[in-house]
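Hi,

Have a look and tell me what you make of it.

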Amino acid sequence: MSVLPLVFTTGWASGINAYAVVLLLGLFGATGLSDDVPQTLQRPEVLIVAGVLFLCEAVADKIPYVDSVWDSVHTVIRPVAGAWVGALLAGHSGSVNDVVAGLVGGSTALASHTVKAGTRMAVNTSPEPFSNIVLSFAEDLGVAGIVSFAMFHPLAAAIIAAVLLATGLVVVVFLISRIRRFWRRRAQRREERRLAAQTGRPPG
């Protein structure tokens with residue numbers, strides 16, 4: 001069976017939380033629950049680094065505005081991680097060209113990252129912090145559940161990931177006005193800080 005469904009699913013998940021994907025795949029392989037995980041992802045140093053970064057993301061992802069800064073930093077990291085994991089999976093299975101798998105994983109990760117980042121910008125226009133926490137937990141549980149499901153039912157998991165990705169893109173389109181409001185607030189805060197630095201008075 002082609003590894004592309006698994007590549008697509010892990011790419012989608014990498015766009016949301018790349019460190020969780022690497023950690024989950026590595027644990028599945030290291031514990032012997034799956035033979036489809038490349039040895040590279042099972043190395044102890046890879047698991048440790050992924051675990052530490054996953055904990056960092058788990059905290060940053062639940063703090064309003066900090067989550068959007070974190071997303072900005074990961075605009076490159078998540079697609080690259082999706083492409084890297086996809087190429088590793090393809091090389092391990094030998095059923096698909098590494099470059100093709102890398103392109104599928106990377107582009108899918110970029111698309112899901114766009115959905116995540118756009119949704120967070122819209123959520124950050126709300127004054128309360130609880131929506132960020134709820135959304136973050138939902139994303140973490142979704143990534144864990146779908147990646148775990150994909151290890152045993154890759155095609156079904158890929159269909160679910162595709163539906164979630166398409167739905168997310170539609171939602172982002174409807175949230176454009178709130179995303180624009182987020183950027184206006186961010187620009188206003190930068191201007192306030194700039195003026196405060198010039199006058200020596202605290203912003204606001």
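A salt bridge here is a side-chain nitrogen of Lys or Arg within 4 Å of a carboxyl oxygen of Asp or Glu. With that in mind, Asp61, Asp67, Lys116, Arg120 and Glu139 are linked in a network of such bridges, and the structure holds nine salt bridges.

Before the rest, some housekeeping. This is a predicted model, so local features need pLDDT of at least 70 and side-chain atom pairs count only at pLDDT 80 or more, while totals for chains, interfaces and linings use all residues. Residues are numbered from 1 along each chain as its sequence is written, and side-chain values use heavy atoms, with hydrogens and water left out.

Lys116 pairs with Asp61, the closest N and O atoms being 3.0 Å apart. That pair links distant parts of the chain: Lys116 is in helix α5 and Asp61 in the loop between α3 (44-60) and α4, 55 residues apart (helices are DSSP runs of H or I, at least four residues, numbered from the N terminus; strands are runs of E, at least two). Arg120 also forms a salt bridge with Asp61, again with the closest N and O atoms 3.0 Å apart. Arg120 lies in helix α5, so this pair ties together parts that are 59 residues apart in sequence.

Are these residues buried or exposed? Both Lys116 and Asp61 are buried (under 20% relative accessible area; exposed is over 50%, partly exposed in between, with a 1.4 Å probe and protein chains only). Arg120 counts as buried because its relative accessibility is 0%, and Asp61 comes in at 1%.

A further salt bridge joins the side chains of Arg78 and Asp71 (2.9 Å, N to O). Arg78 is buried at 0% relative accessible area, as is Asp71 at 1%.

Now the pocket (on a 1 Å grid over the protein atoms alone, an open set of points where a 1.4 Å probe fits, with protein on both sides within 12 Å along at least five of seven lines; lining residues have an atom within 4 Å of a point). Of its 16 lining residues, the closest to the centre are Trp12, Ile16, Val115, Leu135 and Glu139. Helices α1 (4-30), α5 (98-123), α6 (130-150) and α7 (154-174) each supply at least two residues of the lining.

Cheers
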